Amino acid sequence: MALRVPKAELPAELRENLIEQLGSVPEPNEVLWNHPELAEANQEFSARVATWDAAEASLKTFAHMAVAAQVGCSWCLDINYFAARNQNLDLAKASQVPRWRESEAFTPLEREVMEYAEAMTHTPTTVTDELSASLLGRLGAAALVELTVFIGYANMAARCNTAHGITSQGYSDACDIPLAGRSEASGAASTA
């Protein structure tokens with residue numbers, strides 16, 4: 001797949017900061033910079049989202065990866081696997097997110113969070129009262145609200161990236177364990 005929107009030239013300071021942080025400039029930043037005001041607002045919101053701490057970082061990372069696997073956003077899977085490494089998460093476990101239903105690596109809470117992420121990603125959403133109540137009981141109101149908004153943001157990012165033709169940039173190549181592919185039985189979009 002090729003980019004459907006051309007890359008725009010980022011300001012030199014932003015470009016240098018991104019290279020320093022990530023080793024390269026993320027294509028979503030370059031594409032969004034076609035609308036600098038929108039790109040800056042997205043960066044600001046993304047930075048704020050990263051500071052939220054009512055829900056565990058691992059749960060949010062796994063939820064974002066579950067969204068990405070379902071939508072077919074290889075870029076989101078790639079960068080979140082890289083983020084999992086930088087958050088010192090269990091990479092063997094993180095690598096199994098695209099096939100979480102078949103994997104035995106996850107706790108019941110992690111499974112429930114990924115189920116919630118997928119239910120929110122369906123159109124229309126398929127979140128049930130039972131699933132929401134269970135997570136509310138396990139996480140508390142603040143963490144559930146945070147997780148829900150985080151998953152909504154992950155959906156926006158994944159859907160924008162796939163619509164713009166943005167694919168993996170190889171961030172996960174720095175990780176020691178390859179990211180598992182999504183099973184065909186799940187009925188989800190391929191991330192290849």
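View 1. Tyr 153 has 13% relative accessibility, so it counts as buried (under 20% relative accessible area; exposed is over 50%, partly exposed in between, with a 1.4 Å probe and protein chains only). Phe 45, at 35%, is partly exposed. This is a predicted model, where local features need pLDDT of at least 70, side-chain atom pairs count only at pLDDT 80 or more, and totals for chains, interfaces and linings use all residues. Residues are numbered from 1 along each chain as its sequence is written, and side-chain values use heavy atoms, with hydrogens and water left out.

How do the rings of Phe 45 and Tyr 153 sit together? They make an edge-to-face aromatic pair, 5.3 Å centre to centre with 70 degrees between the planes. (Rings of Phe, Tyr and Trp, the last by its six-membered ring, pair if their centres lie within 6.5 Å; planes under 30 degrees apart are stacked, over 60 edge-to-face, the rest tilted.) Phe 45 belongs to helix H3 (residues 36–51) and Tyr 153 to helix H9, 108 residues apart.

**View 2. Phe 82 meets Tyr 171.** Here the ring centres are 5.6 Å apart and the planes sit at 45 degrees, so Phe 82 and Tyr 171 form a tilted pair. Phe 82 is in helix H5 and Tyr 171 in the segment after H9, so parts 89 residues apart in sequence get tied together. Both residues are tucked away: Phe 82 is buried at 10%, and Tyr 171 is buried at 5%.

**View 3. Helix H4 against helix H9.** H4 (residues 57–71) and H9 (residues 141–164) pack at about 35 degrees, with axes 9 Å apart.

**View 4. Helix H4 against helix H5.** The axes of H4 and H5 (residues 74–86) come within 9 Å and cross at roughly 160 degrees. That makes H4 roughly antiparallel to H5 (over 145 degrees; under 35 is roughly parallel, 65 to 115 roughly perpendicular, the rest oblique). Look for Met 65 and Ala 68 in H4, and Leu 77 and Tyr 81 in H5, which are among the residues in contact.

Definitions and conventions
Axes are lines fitted to C-alpha atoms, for helices over the stretch in contact, and angles run from 0 to 180 degrees between N-to-C directions. Helices (H or I, at least four residues) and strands (E, at least two) are DSSP runs, numbered from the N terminus. Contact means heavy atoms within 4.5 Å.
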